[in-house]
Amino acid sequence: MKLEVRGLVKVFPAPFFSGGAPLRVLDGLDLEAGAGVTGLGGANGSGKTTLFRTLAGVIEADGGAILLDGKPASSGRLRELAAYCPPNPRSFYFRLSALENLRFFGALAGLPAAQALERAGRLADRLNLSRADLERRFDRLSEGNMQKVSLIRTFSRRAPLLLLDEPFRGLDGLACTGLLGLIAEAGRSAVALLTSHSRELMTAAAQRALRMDRGLVLPGRPQ
Amino acid sequence: MSARLISAFIRRDFLAESSYRLSFALGALATLANLAVFYYIGRLFGGTLAPELAPFGTDYFTYVFASLAFFGYIGTGAGSYAGRLRQEQTQGTLEAALSTPLRTLPFLAAMSAWNFLFATFELLVYALAGAFLFGLKFPAANWPVALLVFALSAACFAALGIISSCFVMLFKRGNPLAWVLNNFEGLLGGVYFPVAVLPGWLLAISNLLPVTYAVRAFQLALNRGAGLAEIKGDLLALAAFNLVLVPASVWLFELSVRRARKTGTLGEY
């Protein structure tokens, strides 16, 4: 699959009667990526997360186009093809176990329960998440283990477009190694984009790296 | 896909709800306490027929008992969509759920499936309590017609509930439709007393609400065994409400999700 982004614009309107100004987060951004891993660096607020949320079909762009294999992709099509790991790992049901959460979100992605559970088990091994933690209630997990569950949810979809926003956040060394392996495997067939503020991890994970600044992708590596 | 999705939502909600054990038990107790209040009101007034109850051919306790059971079920649709959506917003799971290929119709069908299932259980409790605790009997009931009224009313109230959830999607807090449903349906819809006791101007407003037709048709089918011909007007009114509200609710919900995606507020609460 090939991803092309042409002149992407995203403006968040100011709330009604707030007196604030609209926020232009993506300012005509262009990007091209084929199968493989592309790292995206940039300062806080440069628009990385908004770009990922737009590419995942979570939010809709105000201008420009997203093309997949040369064809314009609607936000609905993007939600079918993209798996997005958000920077905050808390978007789960706290009263349910990690495994029950993964089973539920697997169903939303069209995975039968058995398949969701089987994939969860295998990915947990790769990310150094124990069976006991998988069966633990989500709110009783450490922040790093929550991040592992969030990564499992993303990888278990085996999506052709993989969007990993700060995937290494909070992970222990073994999990980082496991994640690097998973990213490399996914990158053989999928378009994988990732952000990280760690230069070392970015270099280890991505074959090429780009830099974002004020809603645009600039030439050159992240600083 | 839809059946799997609905069962996934039911499983999730069952697990979440059953983790709050005290809340579950208190809810069940509240239902019984409610019943007891109306039972003693019924005893106070004895079996005497109020003139407004004459068309229904029943006493006050039987009337209010049937209305509460009926309204409790159809009211589930009215309240649960907005409640569930708000819960997803505050938990931070709405955006994650709507980041998947989930389509609107299956999502709407699945979102409140647990609430309807639980309401069915409550309805059974009401029915058992009515039959064995309070000795209620409905010898004249026309059950097929009562079921038809039930289905039409449930669909209509679910549609109202979906429209109500659009306010939650867009404005997060402040839901005028829920406010009307919560505060005026009971007063104006004939749930606690026949609408015939209302003054003319309130009666006119009550005729604009689907609950009025729903409760009246249900009471007549249940207590008088009314057939299709006898409650034709109420059934047609409910069908007309459904014809407008059901497609409108799905369309408005899609529109509000689209708007939230556009403004980037899907994950806000």
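The structure is a predicted model, in which local features need pLDDT of at least 70, side-chain atom pairs count only at pLDDT 80 or more, and totals for chains, interfaces and linings use all residues. Residues are numbered from 1 along each chain as its sequence is written, while chains are lettered from A and ligands numbered from 1 in the order in which they are written.

Chain A contains an open sheet of four strands in the order β2-β1-β4-β5, with antiparallel pairing. Strands (E, at least two residues) and helices (H or I, at least four) are DSSP runs numbered from the N terminus, and two strands pair if DSSP finds at least two bridges between them. The edges are formed by β2 (23–33) and β5 of chain A; each has a single partner strand, so one side of each lacks a neighbour in the sheet. The antiparallel strands β4(A) and β5(A) are joined by two bridges, and Leu68(A) stands opposite Lys71(A) in β5(A).

The loop between β4 (63–68) and β5 (71–72) of chain A holds Asp69(A). Phi of this residue is near 50°, a positive value in a residue other than glycine. Asp69(A) counts as exposed because it has 10 C-beta neighbours inside 10 Å. With C-beta atoms placed from the backbone, a residue is buried if 20 or more other C-beta atoms lie within 10 Å of its own, exposed if 12 or fewer, and partly exposed in between. Arg214(A), in the loop between β9 (208–213) and β10 (216–218) of chain A, also has a positive phi, near 45°. Arg214(A) is partly exposed, with 14 other C-beta atoms within 10 Å.

In chain B, the axes of helix α3 (residues 60–91) and helix α10 (residues 210–224) come within 10 Å and cross at roughly 125°. Axes are lines fitted to C-alpha atoms, for helices over the stretch in contact, and angles run from 0 to 180 degrees between N-to-C directions. The helices α3(B) and α10(B) are therefore oblique to each other; angles under 35 degrees count as roughly parallel, over 145 as roughly antiparallel, 65 to 115 as roughly perpendicular and the rest as oblique.

Between the chains, 23 residues of chain B are in contact with 24 residues of chain A, contact meaning that C-beta atoms, placed from the backbone, lie within 7 Å. On this side of chain B, α1(B) gives the most, with six residues.

Note on methods:
Contact = placed C-beta atoms within 7 Å.
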